Amino acid sequence: MPLFAALKRWLFRLARDEQLPIVLGQRRIFIVPTRAGVLFAGVLAVMLIGAINYNLSLGHALIFLLAGLGLVAMVHTFHNLFGLSLTPERAEAVFAGDLASFPLQLDNARSEPRRALEFAFDGQPLVKVDVPAQGHVTVAIPYATSKRGRLDPGRVTLATRYPLGLFQAWSYPHPRWSCVVYPKPFRTPLPRPSPGAQADHHHGDSGQEDFAGLRPRQPSDPTRHIAWKAVARCADEQMLLVKQFAGGASDELWLDWSLTPPEHGHEDRLSILTGWVMAADEQQARYGLTLPGQQIAPAQGNVHRTHCLQALALYSESAP
Amino acid sequence: MSSQPPHALEHGAVPWLLTGALATAGPHAEHLPLWLSLLVASSLLWRAWLWQQRRPLPPRWSLALLVAVGVAGIAWQFHSLFGKDAGVAMLVLFMALKPMETRHRRDALVIVMLGYFLLLTHYFYSQSIPTGLWLLIAMTLLTGALISLHGGGAQPIMTIARQAALLLLQALPFMFILYLLFPRVTGPLWGLPEDARASLSGLSGEMSPGSISHLIQSGAIAFRSRFAGETPEKADLYWRGPVFDSYDGVTWRTATPPARLPRPAPVIEASGTAYAYTSILEAHNQRWLLALDVATSLPPEGSLAPTFEVLAREPLRVRTRMSFVSAVDYHANRIEAPAILQQALALPARINPRTRALASSWQSLPAEKIAAAALSMFRQEDFHYTLRPPLLGADAVDEFLFVTRRGFCEHYASAFVFLMRAAGVPARVVAGYQGGEVNPVDGYLTVRQSDAHAWSEIWLAGKGWVRIDPTAAVAPSRIEQGIVAALPEGEPLPSIVRLDATWLRQLRNRWEAANNSWNQWVLGYNPQRQRELLSWAGLSDPDWQSMTASLAILCSLALLIITWWTLPRRRRADPAQRAWQRYCAQLARRGVGRATWEGPLAFAQRVARERPDLAALTSEAAGCYAQLRYGRNGSENLLERLQQCVRRLPPQRP
């Protein structure tokens, strides 16, 4: 079987696509007749026998024209994919159970439109799209998520049967793509702010009220905090700076793993924590998150929420 | 790839399907019973209405009922569900009812495939130019239906139609290659159903009063001939068909000689001009080949019967092209076999006593005088030539000669032969065609069913068989000018032969000439022509391997051309960009690769840091490129400098 798998890998090039954009060349487009194509061939064979039997000259011509049509359709189906260039875009995080969507930009340099392109991940719902002539379109390929974590959707099947449906051409683009799936939030009442929270309070910890200085940007920082002026001043550094703010004092809420009901399973407890994060965020509370071996200091805002949700999504028991 | 739920039918595809169904099933209305055509039309209309109103399709049981009724009707009408006509009727019925239960793309595909199949069945009935053109349109519609089913449904009608037409246009080269080179097999592969050739018309194997005058009402073409040299006189154009030498009082038939008797080969002594000509005979499902009387040189497929007609080995089931040489002045069988002479004197006993009495009064005369007496009787007495003779009773010849005196060629030939035999002169009836009309457009002599004729032959000792046409005695213009001139106005002649307006006649001639070319060069392309073409192309005596090989090569070539044609032209990159890319590639080989996001100047700065030895050159190249690409005025000079930078790069260190 390893031989077969190697053959399959070689044939279908199951390796990831590292180079972007992914341009569909002849080496990575596969084409086979569809069931309709096989039916068509069968009908032609029967017709040929009939034409020979009844000596129908024009019948021969008709059959040969149809056979030619089949061949031409094959070229056109192949051509519908050939030269299409694909650029994967970043997938937004979703909650488990929701549809993740992986955006893929399709660029058509050709002067004819490409029609009826079907995209799907293995075993996932299909999405159809047309790309206009010399235009581009971004298609969101859905993936039904079921569990939290970093989702690797695997390869995309890009298929088309246009124009006649006698052939199916397909390709397996496999961009490096991932999407963070947060635990499914369980809505349960928020825990009360713990009395010890005030004592633990680290003053001025990355709040958003008062400007406190600059620091190098981290991917989780919101773009509106980038200090564009400062960046423009020192362009040679090739590094983005963000403004830091010192937070004011407010009620702090600790969302602690140990506060979740221990009789629930591991995943359910993460879901409860997720629900709390969402609820605390809606109430615009300052909250911190404590997971076994991991602590996120209290803060508020979208960046903080994303930070917490990501920690929940990627939390693993074996982590220190 | 995975098993998905069946695709629902796109709303926009339904009109395409219905139009395709109409275009493929519609023309069959001509030869289908009226009730079936009405059923088809109403079913398609109903479906169109449901589509327009976006109403649900009828339940399956009602469709099953309709199918049952339709099948029962076909079984009752055709007494069978198989065979050509019943089969076509069944296909048309399914074509009309299938759209009623088409909910998914899969069902729609069945309609299209059925449509493609139905296209073929039209050729059972006609392979003419209009049929071919109509079916091309129907095929475009069906192909459009396929496109609309597979993702094109939302496009405007004309876009789909243009796409379908383009596909068919690109398929044409394959059609030509396959048509010319696909190894042809002469059919049939198995026995054809009985009704396969019901529509063929022509002379039949027997002659009774009314049989030829019935045939004459068809303007259909029996055959066309082109003479290599001069065309014989019109009065000499006797095309010989079956010879009838057995009479039962009503019907003339060909006597079947006992097989054990030796059948002497006919002896023809021809004199005068030898006329060489090629005939294209329409299929008539009989063996005779209608050569000009009398054939002296035959095509390989033919043989001369003891009664001088040319016979093919098999009944003529397809339009066939054959070459003959004939002579119109001849002596045939001066010495005749006694069995044949005996047969040429046989008469049924006790009928036509008055004719017998008249004949016996001539018995003492020599044979030629007897014939002359009979002819002068036709000429002088009040005989009429008409397509609508009165009906005759048991003593048909008596009634005709002495009472009604109105008849068509078969009456005259029949009465004359009866008279001759009664007077002791061996005689027989010959059926065939007389005359024909030269089409000035292509020079072919066109002989129609309306030129069908019957005449007589008597055997004279020392002279052999001599043709005597009693019709010529009654209506000389029939032989000299043709049937139209010989018959009075109001006789039921086909309108196609009675065209008075010159322009109409010209139009008909042009049309028939076009048809003739079509028949010869398109429809007449058979294994023999294929062999001729291949040996002309240098493939002498081709076997199927070499044919398949050349077929595959040509098809691949056509496929390559089409693929190449549809592939996008790679736009040539701008020369500055190419030079810059080449420069960067050279640098990458020397260990400093430019990242895709790095602009030329930034890259030059980095090179200056990492490889000071290349700094100056790179900064010049980057400067040129940046000026060319982004500067206001790029000049030839800059491009040249950039290209020189590429050349000036120091050789790579080992």
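Author: Helices (H or I, at least four residues) and strands (E, at least two) are DSSP runs, numbered from the N terminus. This is a predicted model, in which local features need pLDDT of at least 70, side-chain atom pairs count only at pLDDT 80 or more, and totals for chains, interfaces and linings use all residues. Residues are numbered from 1 along each chain as its sequence is written, while chains are lettered from A and ligands numbered from 1 in the order in which they are written.

Reader: Where does UniProt place the "transmembrane region" feature in chain A?

Author: The unreviewed UniProt entry places it at residues 36-56 and 62-82 of chain A; such annotations may be inferred rather than shown by experiment.

Reader: And how much of residues 36-56 of chain A is helix?

Author: Residues 36-56 of chain A are 86% helix and 0% strand, with end C-alpha atoms 26 Å apart. For residues 62-82 of chain A, the figures are 95% helix, 0% strand and 30 Å between the end C-alpha atoms.

Reader: Turning to the interface, how many residues of chain B are in contact with chain A?

Author: There are 48 residues of chain B in contact with 44 residues of chain A, contact being C-beta atoms, placed from the backbone, within 7 Å. Helices H5 (105-122), H6 (129-152), H7 (157-181), H17 (502-523) and H19 (544-566) of chain B each supply at least two residues of that side of chain B. H7(B) gives the most, with ten residues.

Reader: Which residues of H7(A) are buried?

Author: His304(A), Cys308(A), Leu309(A), Leu312(A) and Ala313(A) are buried in H7(A). A residue is buried with 20 or more other C-beta atoms within 10 Å of its own, exposed with 12 or fewer, and partly exposed in between. Their cover includes helix H6 (266-282) and strand S16 (286-291) of chain A.

Reader: Is Gln284(A) buried or exposed, and why?

Author: Gln284(A) counts as exposed because it has 10 C-beta neighbours inside 10 Å. Gln284(A) lies in the loop between H6 and S16 of chain A, and its phi is near 55°, a positive value in a residue other than glycine.

Reader: What is the phi of Arg350(B)?

Author: Arg350(B), which is not a glycine, has a positive phi of about 65°. Its place is the loop between helix H9 (338-343) and helix H10 (353-362) of chain B.

Reader: Finally, which peptide bond at Pro163(A) is cis?

Author: The bond from Tyr162(A) to Pro163(A) is cis, with omega near 0°. Pro163(A) is in the loop between strand S10 (156-160) and strand S11 (167-171) of chain A. In chain B, the bond from Asp293(B) to Val294(B) is cis, also with omega near 0°.

Note on methods: Contact = placed C-beta atoms within 7 Å.
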